[in-house]
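Open your viewer and keep the selection tool at hand.

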Amino acid sequence: MAKEKKIVVKKQAYIANDEIADQIRVEMEEKNKLFFNIMGSIGAGKTLLLERIAEKLSSKYRIFVINGDVATTIDADRIAKQGATTVQINTGGGCHLTAKLILSELDKIDIDSYDIFFAENVGNLICPSSWDIGAQLNIVVVSITEGEYVIKKHPIIFKGADIAIINKCDIEGSDFDSKVLREDATKIKSGMKVICTSAKTGLGVDELINTLGIKFP
Amino acid sequence: MHEYSLAVAIIDQVKAIVKQHKANRVKKITVSAGPYEMVIPDLLYEAYDIIVDELDKFRGSKLELIMKPAEITCLNCDYKGEPSKEKDEEFAFNFKCSKCDSRDTHLNMQYLTIETVDLEIPE
């Protein structure tokens, strides 16, 4: 004979992920490392920004970048050419990185061999916002070419972000003003730090590095 | 489509509960989420059904999702609770404080939570 029993759980579904994320964050902080989560749409310029950052910092800092994509190692290969150590996670059909995926890569290396860690999340403005990967700062990159409504249309990811980057500011023209995006980001999240960049020309990259609390070589 | 990942996360936690209670099988799992957690109920149910069809102790079980009201914290007056019903025509989720009318508010995420699990256990 069997009987039925109702168990009260009251635990978040994300709890297993969040515990790992906290473990990563604590370890990074204890070891005095920096870890940033870069999120944004496909084509926003996340990879080129990371190439610029690696180019500027790799003479002084040991940089480790974890790239998340459905397939290929294109992004990891590009950033590696600028002096960073990179690893590519192919998520298959997965639309976001998780703390477990990050930990599995960190477990393969000696964290003390690096100073600064970046994760380039899978390209979209929806799913990555729900998954804590253990970074100290969450950064969202949007670009002028995504149109003036891109922030309004994706408010949740900005609610949870620490820094918003408006990229491709070099092509800002008379019919488009990045002020719209800047204002939207700060309306959606009070006090949001917004930086206009052009990964192509290097505009704003120094300001971004300063904002991340990294001292120049 | 992160509902598959969410379904896996729910099932992984419930597997541990099944083991702890030495249950024969799971009858129902009740979960809750706020309205802005980007959970699409039909996709979550679909993902759940696909996964549990492969699991003896879960096959035929039901997943129930309860949607909870939004909750904000006002950065102006510290009010915590449901936002004003008055929507911002321009900004989705840019909630207005019910107490002081400020739109300087923070949406408190009410992450997908496993509320209860109905098990069939031996006498």
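Keep in mind that this is a predicted model. Start by selecting A:His96 and everything it touches. Setting aside neighbours within four places in sequence, A:His96 is in contact with A:Thr91, A:Leu101, A:Asn121, A:Val122, A:Cys127, A:Pro128 and A:Trp131, and also with B:His2 and B:Ser5 of chain B.

Now show the side chains. That of A:His96 makes a polar contact with the side chain of A:Trp131 at 3.4 Å. Another polar contact, at 3.2 Å, links the side chain of A:His96 to that of B:Ser5.

Where does A:His96 sit in chain A? Its place is in the loop between β4 (85–90) and α4 (99–106). Is A:His96 buried or exposed? Its relative accessibility is 4%, so A:His96 counts as buried, the cut-off being under 20%.

Next, select residues 116–120 of chain A, which form strand β5. Five of its five residues are buried. Look along the strand: A:Ile116, A:Phe118 and A:Glu120 point one way, while A:Phe117 and A:Ala119 point the other way.

Strand β2 (residues 34–40) of chain A runs parallel to β5(A), joined to it by five bridges; here A:Phe35 has A:Phe117 as its bridge partner. Strand β3 (residues 63–69) of chain A also pairs with β5(A) in the parallel sense, over five bridges. To find this pairing, select A:Val65, which stands opposite A:Phe118.

Note on methods: Residues numbered from 1 in each chain as written. Chains lettered and ligands numbered in written order. Predicted model: local features only at pLDDT ≥ 70, side-chain atom pairs only at ≥ 80, totals over all residues. Heavy atoms only, no water. Buried < 20%, exposed > 50% of the residue type's maximum accessible area, 1.4 Å probe, protein only. Helix = DSSP H or I, 4+ residues; strand = E, 2+ residues; numbered from the N terminus. Pairing = 2+ DSSP bridges. Polar contact = N/O pair within 3.5 Å; in protein donor to acceptor, adjacent residues only side chain to side chain. Contact = heavy atoms within 4.5 Å.
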